[in-house]
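Subject: Handover of a structure and findings

Dear colleague,

Please find below the structure that I am handing over to you.

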Amino acid sequence: MRQFDHVGIRVSDRQEAVAFYQQLGFQEVRRFEKYEANEMETADGVRINLIFNATRLQHGRNPLLDEPVKLPGMTHPAFIVDDLYALKNWLNQAGIIITEDIHRIGPRRIALFIRDPDRNVLEFNQLLAEDSPVKKTANEH
């Protein structure tokens with residue numbers, strides 16, 4: 001394998017999902033009507049496909065992550081950003097709920113998590129030198 005092409009994200013409401021992912025910097029570049037899907041891409045070339053054939057669950061839970069019995073399957077994409085603290089500030093200003101605040105995961109990254117309107121999890125990472133301290137914001141102790 002040479003590289004990763006895209007991640008497919010199943011959603012229930014095409015218009016709502018496209019608008020949400022556009023807020024995150026993705027633009028629709030192709031539609032695949034036959035497959036009920038599209039392709040969205042950031043200015044840096046990161047691609048996702050939204051698949052528009054999901055049924056929204058009434059209880060607002062993600063069946064792969066929120067149920068007591070864990071089923072096999074892909075749980076989330078993880079995107080790399082240059083400045084996780086700037087992203088956090090922007091998410092707060094945009095009214096997008098952060099479900100897991102900035103924290104270190106292993107020696108090389110800090111991460112935060114959000115969910116899309118269908119409760120799909122999205123992880124954002126800032127890569128660090130292994131000996132970098134994690135800076136604290138005014139809200140963190």
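Two strands are said to pair if DSSP finds at least two bridges between them. Helices (H or I, at least four residues) and strands (E, at least two) are DSSP runs, numbered from the N terminus. The model is a predicted one, in which local features need pLDDT of at least 70 and side-chain atom pairs count only at pLDDT 80 or more, while totals for chains, interfaces and linings use all residues. Residues are numbered from 1 along each chain as its sequence is written, and side-chain values use heavy atoms, with hydrogens and water left out.

The sheet

Four strands form an open sheet in the order S1-S4-S3-S2, with mixed pairing. Strand S1 (7-10) and strand S2 (27-32) are the edge strands; each has a single partner strand, so one side of each lacks a neighbour in the sheet. From one strand to the next, the twist averages 25° (axes are lines fitted to C-alpha atoms, for helices over the stretch in contact, and angles run from 0 to 180 degrees between N-to-C directions).

S2 and S3 pair in the antiparallel sense over five bridges, and Arg 31 stands opposite Asn 38 in S3. The hairpin of S2 and S3 has four residues between the strands, and Glu 36 takes a positive phi near 50° in it. Glu 36 has this positive phi although it is not a glycine. With a relative accessible area of 42%, Glu 36 is partly exposed; on this scale, buried means under 20% relative accessible area, exposed over 50%, and partly exposed in between (1.4 Å probe, protein chains only).

Strand S3 (residues 37-41) also pairs with strand S4 (residues 47-51), again in the antiparallel sense and over five bridges. Within this pairing, Met 40 has Ile 48 of S4 as its bridge partner, and Glu 41 has Arg 47. The hairpin of S3 and S4 has five residues between the strands, and here Gly 45 takes a positive phi near 90°. S3 is mostly covered, with four of its five residues buried.

Helix H1

At the start of H1, a side-chain oxygen of Asp 13 reaches to within 3.2 Å of the backbone nitrogen of Gln 15. This is a polar contact, that is, a pair of N or O atoms within 3.5 Å; within protein, one must be able to donate a hydrogen and the other to accept it, and residues adjacent in sequence count only if both atoms are side-chain atoms. In helix H1 (residues 14-23), Ala 17, Val 18, Phe 20 and Tyr 21 are buried. These residues cover an arc of only 160° around the axis, which puts them on the same side of H1; the arc is that of the directions from the helix axis to the C-beta atoms. Among the elements that cover the buried residues of H1 are S1, S2, S3, S4, strand S7 (109-115) and strand S8 (121-127), where contact means heavy atoms within 4.5 Å. Gly 25, which follows H1, has a positive phi near 105°.

Which residues does Phe 20 touch, not counting residues up to four places away in sequence? They are Ile 96, Ile 114, Arg 115, Asp 116, Pro 117 and Leu 122. Phe 20 and Ile 96 are 76 residues apart along the chain, and their C-alpha atoms are separated by 9.4 Å. At 8% relative accessibility, Phe 20 counts as buried.

Phe 20 also belongs to an aromatic cluster with Tyr 21, Phe 26, Phe 79 and Phe 124. Rings of Phe, Tyr and Trp (its six-membered ring) pair if their centres lie within 6.5 Å; planes under 30 degrees apart count as stacked, over 60 as edge-to-face and the rest as tilted. By this rule there are four aromatic pairs.

In helix H2 (residues 84-94), the buried residues are Leu 84, Tyr 85, Leu 87, Lys 88 and Leu 91. Seen down the axis of H2, they fall within an arc of 155°, so they line one face of the helix. Their cover includes strand S6 (98-105), S7 and S8. At the start of H2, a side-chain oxygen of Asp 83 reaches to within 3.0 Å of the backbone nitrogen of Tyr 85. Gly 95 follows H2 and has a positive phi near 75°.

Arg 119 lies in the loop between S7 and S8. Although Arg 119 is not a glycine, its phi is positive, at about 75°. Its relative accessibility of 31% makes Arg 119 partly exposed.

Yours sincerely
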